[in-house]
Amino acid sequence: AAKAWTRDGLAVVAPDLPFHGDRMVEGSDPAGVHAPDAVLRSLGDLARVIDFVEGHDRLGGRPIAFLGFSMGGWLGTLLAAGDQRVAGLCLCVVGSK
């Protein structure tokens, strides 16, 4: 989907959050993603992504939308509730524990 969106002129950023992708530490417990400190770290990471986008020469000043699947869905809910820079929100397959 990201390739189609970029062809339509949208910028797409897909960060790896703790316990996902390149940030999966071998031998770590993926259930730790729900720990309060991991949630706060993830929200901080997402806020820094928004900081980066806002400071980018060609992207700054444009509306920012958040698309979250699974863990990204419930984190997106928290992010959008606490960060007024998120202008749009789409949450898919939101899980909970």
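Is D83 buried or exposed? In this predicted model, D83 is buried, its relative accessible area being 11%. The legends below describe close-up views.

**View 1. Helix 2 and its buried face.** Helix 2 comprises the 20 residues 36-55 and, at 1.5 Å a residue, should span 28 Å; the distance of 29 Å between its end C-alpha atoms agrees with this. Buried positions in helix 2 include A38, V39, L43, L46 and I50. The buried residues of the helix lie within an arc of 155° when seen down its axis, so they line one face. P36, D37, L40, R48, F52 and G55 are exposed on the other side. Strand 1 (64-69), helix 3 (71-82) and strand 2 (86-92) are the elements against which the buried residues of helix 2 pack.

**View 2. Strands 1 and 2.** The two strands pair in the parallel sense over 6 bridges, and G68 has L91 of strand 2 as its bridge partner. From strand 1 the chain passes through helix 3 to strand 2, giving a right-handed β-α-β crossover. I64, F66 and G68 form the covered face of strand 1, whereas A65, L67 and F69 form the uncovered one.

**View 3. The salt bridge of D45 and R48.** The side chains of these residues meet at 2.5 Å, N to O. D45 and R48 are 3 residues apart in helix 2, and therefore separated by about one helical turn. D45 counts as buried because its relative accessibility is 14%, under the 20% limit.

**View 4. The salt bridges of R85.** R85 forms a salt bridge with D51, with the closest N and O atoms 2.6 Å apart. This pair links helix 2, which holds D51, to the loop between helix 3 and strand 2, which holds R85. R85 also meets D83 in a salt bridge at 2.8 Å, N to O. Through shared partners, salt bridges join D51, E54, D83 and R85 into one network.

Definitions and conventions:
Residues numbered from 1 in each chain as written. Predicted model: local features only at pLDDT ≥ 70, side-chain atom pairs only at ≥ 80, totals over all residues. Heavy atoms only, no water. Helix = DSSP H or I, 4+ residues; strand = E, 2+ residues; numbered from the N terminus. Expected span 1.5 Å × (residues − 1). Buried < 20%, exposed > 50% of the residue type's maximum accessible area, 1.4 Å probe, protein only. Arc of directions from axis to C-beta. Contact = heavy atoms within 4.5 Å. Pairing = 2+ DSSP bridges. Right-handed = clockwise from strand over helix to strand, strands pointing away. Salt bridge = Lys/Arg side-chain N within 4 Å of Asp/Glu carboxyl O.
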